[in-house]
Amino acid sequence: MELIFNKILKEELMIKEIQEVLETGVLTSKELVMYYLYRIAKYDQSGSKLNSILEINPDAIFIAEGLDHERKTKGARGPLHGIPVLLKDNIETKDKMHTSAGTLALENHLSTKDAFLVEKLRKAGAVIIGKTNMTELANGMSTTMWAGYSSRGGQTLNPYGPGEFFVGGSSSGSAVAVAANLTVLSLGTETDASILSPATQNSVVGIKPTVGLISRGGIIPFTYTQDTPGPIARTVTDAAILLGALTSVDQFDPATYKSEGISYQDYTSFLDSEGLDGARIGVFNNATEDYYRDSGEYDENLFNNAIQTIRCKGAEVVEQIDIPSFHREWSWGVPIYEIKHALGNYLSQLPSYLPVHMDTELIEFNTRNEEKTLKYGQNMLEYRQGLPHNTLANPGYLNAKLEDLYFSQEQGIDYALKKYNLDAILFPSYIGSTICAKAGYPSIAVPAGYMENGRPFGITFAGGAFSEGILIKLAYSFEQSTKYRKPPLFN
């Protein structure tokens, strides 16, 4: 088998490089899929046992063979033709793979339809090779559950320090799989930090889009307000390619209606190595003094180096900007109330053969299977049982929803962008995730070096609604001027 994989000239090929070798016949999509299955077997399911993969698509090789045949007879569909992609386990697929959000209760759930974004991927010619592990129920199970853990899949590990470094959550499996080169691309989802956190922890690029840029249809929900899928890749270029393949108005997701006419099907036009030149970047690091510094996630030297790089690339840097609402105590009213309603709706529509169709049945299932399901308990599930039944008419929820929007937008991101005339806001790691999540605004995480102990560090560019193009331009310019990312080493 090694002879086949020797055709791959270097370990981490980008999409453009892969397409070049596919077009010349040096490599086939079938061989590419086999290569990644080989790496999954060697590093994820044995060896370092990263445990980022929950399930493999048994038809992946057949799909790749079909796309190889189509390439020969009709030509490639586009940049994703024959490219392997992994999906977070809360994204539905109509095939032989299950969709469980990491729960044992749904380990036998076979969806009857593809998620909207999965339809887009299949039409683009991508090969969906499997599902990734995730924090169970997207961290909606227990307040003590460790990021990257699920009762179905166990604990996902950070490839830069398996069992030592924080893996990030809840799209941890998707980020680890890309970082460890178990796939070319992956999809994660974010309610708050679920793409940005694992991206920064695992030295990959993660884009958390504007809510509504990509359809949420066919994804096991956490909230109605903040949820969004997004791409994870090793480079800004590959993340931009994947993002463009996913944008579209979905008639069944009203959040996408506002994207009509202002989204792009190709974000690679924003890839400008001099994109920082003339940009105005506001630096926010006023939140680094307490928990964040003590957590080991912050490295002042690396962040200052990033700022200096941005300045040297021609950007005007405004340091210590003010975001009035950043330190407010954000209410958990919106996510807590919405997950009760959203998850309840989802469970109620599941096939009759599954053991759970409401929250109470999920709690009972977990209790009956305690040894397998309750390593960290289920206090978040149990807490939600005490909430009013009609959660979305509750005055506490309604007030929290309105306050979230006002303070995150008018007194948050929009305020800072306007006051300082900024193109984007720079955050260390993912500390801006909450205010951006509440606003529904985009962010992009990009590698920014490694600490002395080898732990990855990243930065985040954030902006206003539908500013993905600007953020990609800035992140790409930073990436190209630093080339910080390096693959993890395996024994």
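Let me start with a definition: buried means under 20% relative accessible area, exposed means over 50%, and partly exposed lies in between, using a 1.4 Å probe and protein chains only. Now the model.

This is a predicted model, where local features need pLDDT of at least 70, side-chain atom pairs count only at pLDDT 80 or more, and totals for chains, interfaces and linings use all residues. Residues are numbered from 1 along each chain as its sequence is written, and side-chain values use heavy atoms, with hydrogens and water left out.

One more term. Helices (H or I, at least four residues) and strands (E, at least two) are DSSP runs, numbered from the N terminus.

Backbone next. Most residues other than glycine have a negative phi, and most peptide bonds are trans. Here are some exceptions.

Take Ala 101. Its phi is positive, about 55°, and it is not a glycine. Ala 101 sits in the loop between strand 2 (84-88) and helix 5 (116-124). Ala 101 is buried, at 2% relative accessibility.

Now Ser 203. Its phi is also positive, near 55°. The loop here runs between helix 7 (196-201) and strand 7 (205-208). Buried or exposed, Ser 203? Buried, because its relative accessibility is 1%.

Next, a peptide bond. Gly 169 to Ser 170 is cis, with omega near 0°. Ser 170 lies in the loop between strand 5 (154-155) and helix 6 (172-179).

Last, Tyr 406. This one is in helix 15, residues 395-419. Tyr 406 is partly exposed, because its relative accessible area is 39%.
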